[in-house]
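Here are some notes to read alongside the coordinates, written as numbered points.

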Amino acid sequence: MLTSKTRTGVVFFPAFDWAISATHPEREERLLYTQDQVFEEGLLDIEGVIEFKPDLATVDDIKRVHFCVPDEMSVVTESHLISAGGAKTVGIQVMEKHIERGFALVRPPGHHAMRVVHGARGFCNVNIEAIMIEYLRKAYGIDRVAIVDTDCHHGDGTQDIYWHDPDTLFISLHQDGRTLYPGSGFHYEIGGPTAAGMTVNIPLPPRTSEEGFLYVLDQAVLPILEDFKPELIVNSAGQDNHYTDPITNMSFCAQGYAELTRRLKADIAVLEGGYSIEGALPYVNVGILLAMAGLDFSQVREPDYQPDKIRQSGEVTKHIHRVVEEVLAGWKKAPEIRKKQLSGRKFAERERSIYYDTDNILESQRETLRVCPDCSGVLSIDSSTDTGYHILAVHIPRKACKECVDQGVKWYDSADARRFNRIFLQDRMNDQYLVRKG
Amino acid sequence: MILGLDVGGTHTDVVLIDKDGIHRQTKVPTDHADLLGCVRAGIEGVTGGIPPDGISRVVLSTTLTTNAIIEGKTNETAVIVSAGPGVDPEFFRTGPHYYCVAGSIDHRGREIQSVKTSEIQAIASKLKTDGVRQVAVVSKFSVRNPKHETQVRDILGDSFFNVVLGHRLSGNLNFPRRIATAYLNAAVCETHRRFFDAVRESLEKKGLNVPIYVLKADGGTMSLEASLQCPGQTILSGPAASVMGSLPFASETEETLVLDIGGTSTDMAILIRKVPLLDPLGCELGGYKTLIRALKTVSIGLGGDSVVRLADGGLSIGPDRKGPAMAYGGPVPTPTDALFVLGKVNDGDAGSSRRGLQPIADGLGMSLEDTANRVFDEACRKILSAAGEMISNINSKPVYTVQELLGGYQVRPGEILVLGGPAPHFARRLGDFTDSRVRVVPRWQVANALGAALAKNTSEVTLFADTERGIAVAPEEDFYKTVKRDFDRESAVRLAFDLLRDKCVKQGAVESELEMEVIEDIQFNMVRSFYTSGRNIRVKVQVKPGLIPGYREIADRLAESVPPQT
C-alpha cells in the first residue's frame with residue numbers, strides 16, 4: 001500500500017454548484033477533471049494523506065482582514081466562506097500537528113482581494129490565505145509568516161493586505177505586469193515605509209519554463225526565506241503558469257510544479273488560479289499533492305508534454321538571471337531603506353485607483369499611514385467608488401503601540417459621519433471591529 | 001417458503017420462513033474445513049418432512065471468500081495494468097505476476113497511447129509457462145472508456161480459466177482500488193465456483209430445483225449465476241446479513257445503530273430510517289481497499305469470548321479470542337464468564353468462570369461480583385465509544401458542493417438494535433450508558449439468517465456521458481452508445497433506469513422488488529473558448545437496499561415476540 005512520507009492533509013472543495021457565470025473560467029467545471037484525476041489516482045486513499053471537511057469561515061474571520069462594503073455578506077457567497085474556511089481548516093490541522101503539511105484544493109480563489117472589498121477583482125472576493133493566516137495568528141499566536149505566491153498573476157491583493165506588515169514576507173513570482181493582469185508586481189514595489197523590503201516581487205518574462213522557475217526558487221526565493229526565518233510558509237499555489245493555460249503566456253509544466261513544491265516545502269498550499277482545467281489542473285494538482293506527501297511524482301506528466309517544445313529561450317534565461325540579481329540586491333538593501341524611511345515623515349500618504357474587473361467597479365483610495373518608529377503604524381483608508389460608496393477604514397495593526405492605537409481611535413471617532421456611508425475601525429490590538437453608519 | 005443460511009465464523013444459522021414467520025430454525029457449528037458439510041447439515045436441520053416444491057428460494061451468505069482472502073488461500077492470479085501518466089502503478093503490485101504495460105486513457109476517456117499487442121502476447125505466453133490461470137486486466141480510466149481492457153482480453157484469448165476486467169466491477173473512479181478489486185475477484189473465483197457448484201449439486205440431489213441467491217456485501221442478493229461473474233461481491237456478507245436481519249425492526253422515522261455482538265467481535269452499522277448506510281466507495285478487506293459496494297460496517301475485536309486480562313493494573317478486554325468462555329471449557333476468562341458469575345447465564349460451568357475471574361478480581365482488589373460487573377460495564381463502554389467514533393467519522397466525511405456542506409446532514413441515532421449471542425444481556429446494560437433507546441432484535445440468535453432470507457436484489461448502475469465526444473458509457477453493463485448533443489441529464493437518468501432494470505432481472509430480481517432511485521446525477525456544461533461545447537453527465541442509480549416487499553408481515557409477527565431483556 002502507498003504510504004506518504006509526510007503526513008499530508010487535503011481539503012478538497014470543488015464547489016460543483018457555484019460559478020461566477022455560466023461561461024466564466026471560474027465555473028462549476030473548473031475542478032471537475034482534477035477531481036476525476038485525484039479520485040482515479042486514489043490519492044485520498046494513501047496512508048498518511050488525510051482528507052478534511054472544510055469549516056465555514058465566519059464573518060469575524062473576514063473582519064480580521066478586510067473592510068467589506070457595505071458589509072461582509074454583501075460581497076461574499078457561501079462558496080467564499082467554504083473556500084476560506086477550507087484554507088483555515090488546513091491551517092488548523094497543521095498547527096494542531098495532525099498533519100505536517102496541507103493543501104487546500106478549493107475554489108473560488110482569493111489573492112486579488114485587497115484590504116478594502118467593494119466587490120470581485122480577478123475572480124476574487126475575499127483573500128482566503130490572509131483570512132487563514134490572521135486566524136492562525138489569533139488562535140495560535142504565530143508571528144512571522146512567509147507567503148510565496150506562485151500564481152501567474154501578481155498577487156496584488158495579498159500584497160496590499162501585507163504592504164505595511166514587517167512580520168509577513170510576501171514573495172510573488174508572476175508573469176511581468178506589462179504583459180498580464182493586474183499589471184502590477186514590479187521589483188520596485190517593496191512594501192510600505194514600516195515594512196520596506198518585506199514585499200518581494202519577481203516579475204518573469206513570458207515563456208518562462210521549468211528551468212527559469214526553479215532557478216528563481218533556488219537563487220532567490222529559498223535564500224530569502226532562509227534569511228527571514230518564518231514560522232510558517234504558505235504557498236498561494238496558482239497553477240496558471242502552465243503552458244496550456246488559456247489566459248497567460250508561461251511555459252511551466254506539471255513536473256515543474258511538483259519539483260517546485262518539493263523544494264519549497266511550504267507548510268500550507270492554497271489553490272489560487274489556473275484555468276487550463278483539462279490539460280493542466282488534473283496533472284499539476286496530482287503532482288503537487290504527491291510532492292507534498294513526499295511521494296514519487298516522476299511519472300506525472302501531461303499527455304501532450306514535450307519538454308523541447310516549451311523550453312525557454314536563451315534570451316528569457318538571461319532576462320531571468322538579471323531579475324534575480326535585482327531581487328537579491330533589493331533584499332540586501334531593504335534594512336537600510338527601511339531605516340531611512342522611518343526617519344523621514346511622520347505620515348505617509350498614497351493615492352491610487354483600483355479597478356474591480358470582475359464586478360466593473362472603479363475605486364479611488366487615499367491611504368494615510370502613521371510612520372511609527374515603534375510599530376508598523378496605524379492606517380486609514382479613504383475609499384470611494386464610482387458606484388457611489390464612500391467609506392473611511394481605520395486599521396490598527398496587530399502589534400500597535402499606544403500612540404498608534406490612540407491615533408486610530410481618534411481617526412474613527414472624529415470622522416464626519418455626513419461625509420461617509422460607513423466608517424470602520426479594525427482594531428487588531430483589541431480584536432474588535434466597529435462600524436459607524438453615515 | 002424461503003430458506004436462509006448464514007455460514008458464520010462460529011455457527012451456521014439456518015431459518016425456514018413462510019408468511020407467518022420463522023417456520024423452523026437451527027444452528028450448527030461451522031467447520032471451516034468442510035463448509036459444504038455445514039450447509040448440508042443446516043439444510044437437513046430445517047427441511048425434514050418439508051416437500052421440496054414448498055421451497056421457492058434459497059439465500060446463502062458465507063464467509064468463504066472473505067476467509068480465503070484473509071487467510072491468503074486464493075488462486076495464483078496475474079494482473080495486467082496500463083496506467084499512463086500519474087502515480088507509479090508499481091505501488092499497487094499484487095504479487096509476482098504483475099505487469100505494467102503500455103496504453104493510456106485520459107479522464108474523459110480519450111485514448112492517449114495505444115495498447116501494444118506484442119507486449120500482451122509475450123505476457124500471455126509467460127503466464128501459460130508459469131501455469132497462472134486467473135488474470136485481472138485493469139486500465140486507468142477504463143470506466144470512461146473500456147477499450148484497452150477489452151483489447152487486452154481479446155489478445156489474451158481463451159486459454160485462461162478466467163479474465164476479469166476492471167471496468168465490469170464498478171463504475172467508480174479509483175484505479176488502485178480497481179486493481180485490488182479485479183485481483184480479488186479473479187483470485188477467489190475458482191474457490192467460489194467450486195463451493196457453489198457443490199451447493200447446487202447437493203440441493204438438486206435433495207430435489208430442490210430452486211433459484212439460489214447469494215448475499216452481497218451491500219446487503220442485497222444476486223443469483224448464484226450472477227455471482228460467478230463477480231464473486232468478490234460476496235465478501236463481508238456476514239455483517240450485511242445481520243444488518244438486514246435487524247432492518248425489519250428498525251425505526252421508520254429516525255436513525256438506528258445496529259450492534260451485532262458476537263463471540264469474537266462486534267460489528268456496527270447504521271440504518272437511516274430503515275435504509276442501511278453504504279460505504280461511499282467500497283469496503284476494505286485483508287489490507288485491500290476495494291470498490292466492492294458494501295454496507296458501512298465497522299468491526300471491533302470485542303465480543304462475548306474476548307480475552308479479559310489485567311494490564312497495567314487495569315482491566316483490558318480483547319481484541320483477541322482464545323476459545324469459548326471458561327464456563328464452556330475455554331482457557332481464559334471472558335465477558336461471558338462475567339455473565340456466569342453474575343448468574344445471568346447458567347447453561348455452563350459457573351465454577352470455572354469464578355475460578356477464571358478470581359485472579360483478576362484479586363489484581364484489581366475488588367470482589368468477584370464487582371469485577372464481573374466491571375468487565376461487563378467496560379465491554380459496554382468500549383462498544384459505545386467505538387460506535388461514537390464511527391458516527392463521528394461518518395459525519396466528518398467531506399462533501400463537494402455548497403448545498404451538501406450547508407445542508408449539513410448529521411447522523412444521530414436515536415435507537416440501538418442489538419443482536420448476536422449475548423444480545424439481551426448487553427442490551428440492558430448498554431441502555432444505562434446511553435440516551436438512545438436500546439432494543440434487542442427479535443429472534444436475535446438467527447437474525448442474520450433471517451436477514452439473508454428476506455434481503456432483496458440490489459444493483460447499481462453508473463452512467464457517464466460526454467456529449468462533446470458523443471458517447472454514453474455504463475462500464476459495468478458493458479454498455480456503450482453514441483449520443484447526440486441534446487442528450488441531457490434527464491435522458492441519462494432514463495437510460496440508467498432501463499439498464500438497471502435489465503441488470504436486476506438478469507440477477508434474478510422480481511419486478512415488484514425494484515424500487516429504483518437516483519443516487520447521483522450531475523451535469524456540467526463544458527465550456528471551451530467561452531462557448532458551451534457539450535455536457536459532461538454523471539449518473540448513478542440503484543435499487544434501494546431493503547427487504548422483499550411481500551415479507552413485511554413476517555417482521556410484524558416477529559416483532560410481537562420481543563424476548564425479555566434480562
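1. Let us begin with a pair of threonines in chain B: the side chains of T30(B) and T12(B) are joined by a polar contact of 2.9 Å. Please keep in mind throughout that this is a predicted model. The side chain of T30(B) also has a polar atom 2.9 Å from the backbone oxygen of G8(B).

2. Where does T30(B) sit? Its place is in the loop between β3 (21-29) and α1 (35-47) of chain B. Is T30(B) buried or exposed? Its relative accessibility is 12%, and the cut-off for buried is under 20%, so T30(B) counts as buried.

3. UniProt, in an unreviewed entry, gives residues 3-156 of chain B the annotation "domain: Hydantoinase/oxoprolinase N-terminal". In the model, this span is 29% helix and 32% strand, and its end C-alpha atoms lie 41 Å apart.

4. Another loop residue of chain B worth a look is N172(B), found between β10 (162-165) and α5 (175-205). N172(B) has a relative accessible area of 11% and is therefore buried. Its side chain makes a polar contact of 2.5 Å with the side chain of K540(B). The side chain of N172(B) also reaches the backbone oxygen of L281(B), at 3.5 Å.

5. Helix α7 of chain B, residues 237-246, is mostly covered, with ten of its ten residues buried. The buried residues of α7(B) include S237(B), G238(B) and P239(B) at one end of the list, and M244(B), G245(B) and S246(B) at the other.

6. Turning to chain A, how does the span of helix α5 agree with its number of residues? This helix runs over residues 128-140, and at 1.5 Å a residue its 13 residues should span 18 Å; the end C-alpha atoms are 18 Å apart, so the two agree. Among the buried residues of α5(A) are I128(A), I131(A), M132(A), I133(A) and L136(A), along with the charged E129(A), E134(A) and R137(A). After α5(A) comes G141(A), with a positive phi near 65°.

7. An unreviewed UniProt entry lists residues 78-278 of chain A as "domain: Histone deacetylase". This span is 34% helix and 18% strand, with its end C-alpha atoms 26 Å apart.

8. How many cavities of 30 Å³ or more does a search of the whole structure find? There are four. The largest cavity holds about 50 Å³ of space. Its lining draws on both chains, with Q37(A), Y283(A) and P303(A) from chain A, and residues including S104(B), D106(B), H107(B) and K140(B) from chain B. By class, that lining has seven nonpolar, three polar and two charged residues.

9. Finally, the second largest pocket contains about 380 Å³ of space. It is lined by 18 residues, and the closest to its centre are K274(B), E515(B), G546(B), L547(B) and R552(B). Which helix gives the most to this lining? Helix α15 of chain B, residues 552-560, does, with three residues. The lining of this pocket divides into nine charged, seven nonpolar and two polar residues.

Methods
Residues are numbered from 1 along each chain as its sequence is written. Chains are lettered from A and ligands numbered from 1 in the order in which they are written. This is a predicted model: local features need pLDDT of at least 70, side-chain atom pairs count only at pLDDT 80 or more; totals for chains, interfaces and linings use all residues. Side-chain values use heavy atoms; hydrogens and water are left out. Helices (H or I, at least four residues) and strands (E, at least two) are DSSP runs, numbered from the N terminus. The expected span of a helix is 1.5 Å times one less than its number of residues. Buried means under 20% relative accessible area, exposed over 50%, partly exposed in between (1.4 Å probe, protein chains only). On a 1 Å grid over the protein atoms alone, a cavity is a set of points where a 1.4 Å probe fits but cannot get out, and a pocket is an open set with protein on both sides within 12 Å along at least five of seven lines; lining residues have an atom within 4 Å of a point. Grid points are joined across faces, edges and corners, and a volume is the space filled by probe spheres set on the points. UniProt positions are given in the numbering used here, feature names are shortened, and annotations may be inferred rather than shown by experiment. A polar contact is a pair of N or O atoms within 3.5 Å; within protein, one must be able to donate a hydrogen and the other to accept it, and residues adjacent in sequence count only if both atoms are side-chain atoms.
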